[in-house]
Each structure stands twice: as structure tokens, then as C-alpha cells.
Amino acid sequence: MTDTPDGSNPGTVPGAELEREVAGYYEAYAVQLLRYAETHTRDLDLGKDAVQEVFLRYFAERRFGNRIENPRAWLYRVLHNHLLDRLSRAAMKCEVSADGTERMADLQAGAEMRMEQRQTAREIEARLTPRELACLRLRVEGLSYQEIADRLGVRIGTVGALLPRVYTKLREGVNEGAFFTESTAGALFFLLGRGQPYAS
Amino acid sequence: MHPDIETLVTHHFGELAPPLEKSVALHVAGCAECQLELGRLGAAGDQTPPAEPPKGADALLTKLRYWESESTETHSLGELKLRVESTLAPYLGKSAAKSLLQTVRHDGRDVLTQVAPLLTIFLGRRAAGNLVSHVVENAIVNTQTTVRL
């Protein structure tokens, strides 16, 4: 990249100087930022991508002339907002991580059990609203109420109201005999791995 | 009202000016949500290495140089002002967005130099910062934004 200082536009930073600036902040803060990302998501690839994206945005913002008073705080803000945005969209789309899919394959044992699990998963999915289903998926993944609220962009009270409703519906399904109880756990793993109704 | 994330980070690192530090500390003492966020910031400062460390700065610089070469193609820069205007229009109105960009160079290289201070004056630091980030994300970094005027 050529060093091309633009004397007519003092707001922009020459190429080599900006690279040194960005590299310096990367060396200083990338590890902390990645750890911060890991407090929001267990998906390591998402965290690493997010950190790279944030530094690209820093570079772009400085390249086009913005002054950033507190780079460290800025980096955390942009990373925080970027993660919440990505996770919220992923929860709504019910994205699957490669790790979850591989785990699921280990849980499937026997054609009959698989059929029961699929049927139970369909029944669960039919009884829950999309928002309730997203909540259930995140809860089964082990997220706290606050983490679920952050991911879905709702208040923690909303999660507190949604999950008991989900549990009630699941209990009703079991009592009605709509679910094969032994396969409910397997069905929940199906729901973790497949974000849409199943094609058999 | 919660302090924004930048203020919380600055508070966490002990860099806030005293009057603001006092009011933020008072708020945090009674706010579970802010305490959770401060807990995350504390965990980020943990000395144990992350599960998978980030790639080195060289890999980042390669990515930045590639992005720079892609974004400085003539047609891309020529459309930059239009993309920025299109991104700002829903928030400021079409006329205001157009006026704001009147003094920006044709290639858009000084767009943030011109726009960011004005946005800060009219919207305040927090809102201006978020809007500038939105512009950078949608009109500069991710250039698939359709120009809508």
C-alpha cells in the first residue's frame, strides 16, 4: 500500500501511518476484545470475525477522516453493537453452528428413536410461537435470561414471561401424550440443530 | 438512563472525569444490567489466554489493504457520496442529508471529516457516534447498499 499523504485534506491519515496506528491498537487490544466477544457468544469463529470486522471499521472510519477520541472505548462499543446485531439476527434465523450439528449426529441412535425425536420436535415447534421457540433454543444452549434478552433485543422481563409459558406448553404436551417423553431431550437437540420444519 | 457502552468502558478503566465518574458509579451500584456489562469487561481483562488467540496484525493488515484496493476503485469512490447520502436520508431527511454533504469532496475522501462534527453538534456525541458508525458500516465498509434517494 503506497504512502500517499493528502496535503489538501488534513483530516485523512496517510496510508502507512494509519496502518501503524491500527496495528498498534490491534496488538494492544485484540486479545481483550476477543475475550469480551466470548462473554457474548460461545461461537469462537463469530467472535474472531467480529473483532476483525471492528478493526476494519476503525480503519475505514479513520481513512475517511473521522477523529476518534478514545479508540479503546470506541472499539468496545462497535464490537458490542456488532455482536448484539449478529446474534439477534442469528437467533431469529435460528442459525446452526457446525459444532451443534456434529453433536446432534452423536445423539441419534436407532431409526425408531430418530423418528420419535423428529415427530416430537415437529409437535413442539407447532405449539410454540417463533419468539418462544427462539427463547427455548437459547435456553437449551445454556444462556442466562439476561443473555437471551440481549440476543433477542428484548427486556429481561419479556424472557421471564416467555420461558414459563414455553415450559407450560411442553408440560401440557407431555400430559396429553403428544410427545414421546423419552425422546423430548433428543427432540430439543433436533430443534437446536435444525432451524426449520423437518424434511423427512 | 443507562450510560452508553463507551462511558461504561471508560468508567471500567478509571478514565472518566470526576463528576461523571461519580454519577456513573452511583447508577451502576443499583443497575443489574450495567453490572453485567462491567462483569463482561472485567472478564475481558482476565490474564488467561483466550481459547483461540486472534491472528496476528499482519493478517489484519493484509485484509485492510485488500479492502482498501477494492474500495478505491474509481466508480466505487464516485458513488460513495451517494451511498452516504442514501444512508443518512432516513434519519435526517433527504434535503438535510444532501445539504450536509455539499462541502464533501467528489471522491468522498473527507466525508467523515466534514460530516461527523456537524452531526455531533446537532445530535450529541452518543447519537452522532452511532450514526457515523452506521454510515461507515453501510456506505463505506459494506458497499452493497443500494442507493435510494
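Predicted model: local features only at pLDDT ≥ 70, side-chain atom pairs only at ≥ 80, totals over all residues.
The contact between the two chains draws on 46 residues of chain A and 52 residues of chain B. Together, the chains bury an area of about 4,400 Å², and carbon and sulfur atoms contribute 60% of this area. On the side of chain A, the residues that lose the most area to chain B are A:R35, A:F64 and A:R77, which together account for 18% of what that side buries.

Six salt bridges are found between chain A and chain B. In one salt bridge, the side chain of A:R77 meets that of B:E6, with an N to O distance of 2.4 Å. Four helices of chain A each give two or more residues to the side that touches chain B, namely α1 (15-38), α2 (44-63), α3 (71-93) and α7 (145-152). Of these, α1(A) provides the largest share, with 12 residues. By class, this side of chain A comprises 18 nonpolar, 14 polar and 14 charged residues.

Over all chains, the whole structure holds 17 salt bridges. Within chain A, A:R57 and A:E53 form a salt bridge in which the closest N and O atoms are 3.1 Å apart. Both residues belong to helix α2 of chain A; because they lie four residues apart in this helix, about one helical turn separates them.

In chain B, helix α2 (residues 18-29) and helix α3 (residues 32-44) have axes that come within 7 Å and cross at roughly 105 degrees. Angles of 65 to 115 degrees count as roughly perpendicular, and α2(B) and α3(B) are therefore assigned to that category. The contact is made by B:H27, B:V28 and B:A29 of α2(B), which meet B:C34, B:Q35 and B:L38 of α3(B). By class, four residues of this contact are nonpolar and two are polar, with no charged residues.

Conventions:
Residues numbered from 1 in each chain as written. Chains lettered and ligands numbered in written order. Heavy atoms only, no water. Axes fitted to C-alpha atoms, helices over the stretch in contact; angles between N-to-C directions. Parallel < 35°, antiparallel > 145°, perpendicular 65-115°, else oblique. Contact = heavy atoms within 4.5 Å. Nonpolar A, V, L, I, M, F, W, Y, C, P; charged D, E, K, R; others polar. Buried area = accessible area lost by both parts, 1.4 Å probe. Salt bridge = Lys/Arg side-chain N within 4 Å of Asp/Glu carboxyl O.
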